[in-house]
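Here is a short report for a first look at this structure. Take a moment with the sequence and the 3D view before reading on.

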Amino acid sequence: MKTLAILGDSYSTYLGWIPEDYLHWYADSGNDCENDMSSVEDTWWRLLIKQYDLELIANCSYSGSTVCNTGYDAQDASGTSFIHRMKRELGEERKGGRQPDILIVFGGTNDFWAGSPVGNIQYEGQTDEDKKAFAPAFCYMMEYLKRYNPYSVIYNVINDEITGPIREVMEEVCRHYSIQNINLEGIDKQNGHPNTAGMARIAEQIAKATSWGR
């Protein structure tokens, strides 16, 4: 049985399946916005777990979170960002040191929606100021994840509606670190979030792009 860990945003949350102090979007009783999702079994990751007999060991997903430390309305997001949270379940603060066989990173959507500064690709020496922008923060994240999870196969999933510089940064940085990008296409959504049909398409496209899903 292969193990799975997720570093994500609202698309990967579900009440009761993420750390208790993390914000969720999906829940059994529905969510804050109209959407037909009402069971964890319909999430993209539970569909993959059931189909390929995976064991989920960490779901480090937080609704509304950006990769970088700049959130909506240019607010400080250093307490919820991907580059902050990754240390807790997937890095230096991880208890037990258990690395996943498969690590799926699924973010950038909130950086795109929030209009977070993009900045420039920077592979080392990022300062706190640099980490307020997406490009240096994304570089920092991918290097960190590879360093603390050397035995994991890392995949970066790109939401189909992300365009422009953020998508270009993801593609170039992942090439640099030999991390496979999975570019989603045609995902059904309600209020910006995958519905049951969209979740099924995400699972299908991730499986098709990976060696363990073939």
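## A word to start with

A residue counts as buried when its relative accessible area is under 20%. That cut-off is needed for strand 3, where five of its five residues are buried. The model shown here is predicted.

Five strands make up an open sheet, and their order is 2-1-3-4-5. The pairing is parallel. Strand 2 (55–61) and strand 5 (180–183) are the edge strands, each pairing on one side only. From one strand to the next, the twist averages 20 degrees.

Several pairings can be followed bridge by bridge. Strand 1 and strand 3 run parallel and are joined by five bridges. Here Leu4 has Ile102 of strand 3 as its bridge partner. Five bridges also link strand 3 with strand 4, again in the parallel sense. In that pairing, Val105 has Asn156 of strand 4 as its bridge partner. Strand 4 (residues 153–158) then joins strand 5 through four bridges, and the two run parallel. Tyr155 stands opposite Gln180 of strand 5.

## Strand 3, covered on both faces

In a regular strand, side chains alternate between the two faces of the sheet. Which residues of strand 3 lie on each side? Ile102, Ile104 and Phe106 are on one side, while Leu103 and Val105 are on the other. All of these are buried, so both faces of strand 3 are covered.

## The nonpolar core

The largest nonpolar core has 35 residues. Leu7, Val67, Met86, Phe138, Met141, Met142 and Leu145 touch the most other members. Elements that give two or more residues to this core include strand 1 (3–8), strand 3 (102–106) and strand 4. Helix 2, helix 4 (134–148) and helix 5 (165–176) are also among them. Which element gives the most? Helix 4 does, with ten residues.

## The largest pocket

The largest pocket holds about 160 Å³ of space. Its lining is made of Ala5, Ile57, Ala58, Arg88, Glu89, Leu90, Glu93, Arg94, Lys95, Arg98 and Pro100. Strand 2 and helix 2 (82–90) are the elements that give two or more residues to this lining. Helix 2 gives the most, with three residues.

Conventions
Residues numbered from 1 in each chain as written. Predicted model: local features only at pLDDT ≥ 70, side-chain atom pairs only at ≥ 80, totals over all residues. Heavy atoms only, no water. Pairing = 2+ DSSP bridges. Axes fitted to C-alpha atoms, helices over the stretch in contact; angles between N-to-C directions. 1 Å grid on protein atoms, 1.4 Å probe; cavity = no way out; pocket = protein on both sides within 12 Å on 5 of 7 lines; lining within 4 Å. Points joined across faces, edges and corners; volume = space filled by probe spheres on them. Core = buried A, V, L, I, M, F, W, Y, C linked by side-chain atoms within 4.5 Å. Buried < 20%, exposed > 50% of the residue type's maximum accessible area, 1.4 Å probe, protein only.
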